[in-house]
Amino acid sequence: MLISVIIPYNKSRGFLEQAIKSVNEQTYNDFELIVQQGDGTVGKNFNDGLKKAKGQLIRFLAEDDLLNKKSLEYTYNYFKDNNVDFIHSNAISFGKLNNTWEPPIKIPSYKDLIRRNPIHGGTVVYKAHCFKDKKMDEELMTAEEYDLNLWLLKNNYKIGYLNKITYEYRIHDEQKSQGLKTNQKWRTQQKNIIKNRYI
């Protein structure tokens, strides 16, 4: 089962080679790596990478984060044994903050996501057919995967939960979600705009 790993980015913040290395060191070897650089948003660059993807499974990886060595192996085994459209799993944070993320709701509903998002966006892996009718919104500047996951659940795509750590989330000053330069009030406003699309 071929897994397409897409690393979309605008400008490298100094971590890109580490992200690529983490993919190339996977214990599961049936994958393709698509490094997609462009001047657009994360969503635009991801969608451009998606056009090149040949895998049955699609995984996003931010250029400042890492996959642990068994990430794709765990992913393959889960999809092989479970009839779902997309999955999420556990993650660890490292860098300026070190902790483990385990979702408070394992199989969230669409309404759960509206109330509070229990999915770590970096851990999500999709079957390729999830993108037949919906791509990442290329206009969004943040929470692109949140918008996509809301749409999928509202349209009755089935989510699964993989109880393994698959993603390593780097906490640093320049990151889009929690960096020192990030306006958290603005991020909350953006998420509320996304929610209002679906309510």
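Student: Why is Y28 called buried?

Tutor: Its relative accessibility is 11%. Buried means under 20% relative accessible area, exposed over 50%, and partly exposed in between, with a 1.4 Å probe and protein chains only. So Y28 counts as buried. The model is predicted: local features need pLDDT of at least 70, side-chain atom pairs pLDDT 80 or more, while totals for chains, interfaces and linings use all residues. Residues are numbered from 1 along each chain as its sequence is written, and side-chain values use heavy atoms, without hydrogens or water.

Student: What makes Y76 partly exposed?

Tutor: Y76 has 22% relative accessibility, so it counts as partly exposed.

Student: How many aromatic pairs are there?

Tutor: The count comes to 6. Rings of Phe, Tyr and Trp (its six-membered ring) pair if their centres lie within 6.5 Å; planes under 30 degrees apart are stacked, over 60 edge-to-face, the rest tilted.

Student: What makes the pair of F46 and F60 tilted?

Tutor: The centres are 6.2 Å apart and the planes stand at 50°, so the pair is tilted. F46 lies in helix α2 (residues 42-50) and F60 in strand β3, so parts 14 residues apart in sequence are tied together. F46 is buried at 1% relative accessible area. F60 is buried at 15%. One aromatic cluster is formed by F46, F60, F86, Y126 and F131.

Student: How do you know that β3 pairs with β1 and with β7?

Tutor: Two strands pair if DSSP finds at least two bridges between them. Strand β1 (residues 3-9) and β3 have 4 bridges, in the parallel sense. β3 and strand β7 (residues 125-127) have 3, in the antiparallel sense. L57 of β3 is the bridge partner of I3, and L57 also stands opposite K127 in β7.

Student: Which residues point which way from β3?

Tutor: L57 and R59 point one way, I58 and F60 the other, and all are buried.

Student: What makes N47 buried?

Tutor: N47, in helix α2, has a relative accessible area of 5%, so it is buried. Leaving aside neighbours within four places in sequence, N47 is in contact (heavy atoms within 4.5 Å) with K135, M136 and E138.

Conventions. Helix = DSSP H or I, 4+ residues; strand = E, 2+ residues; numbered from the N terminus.
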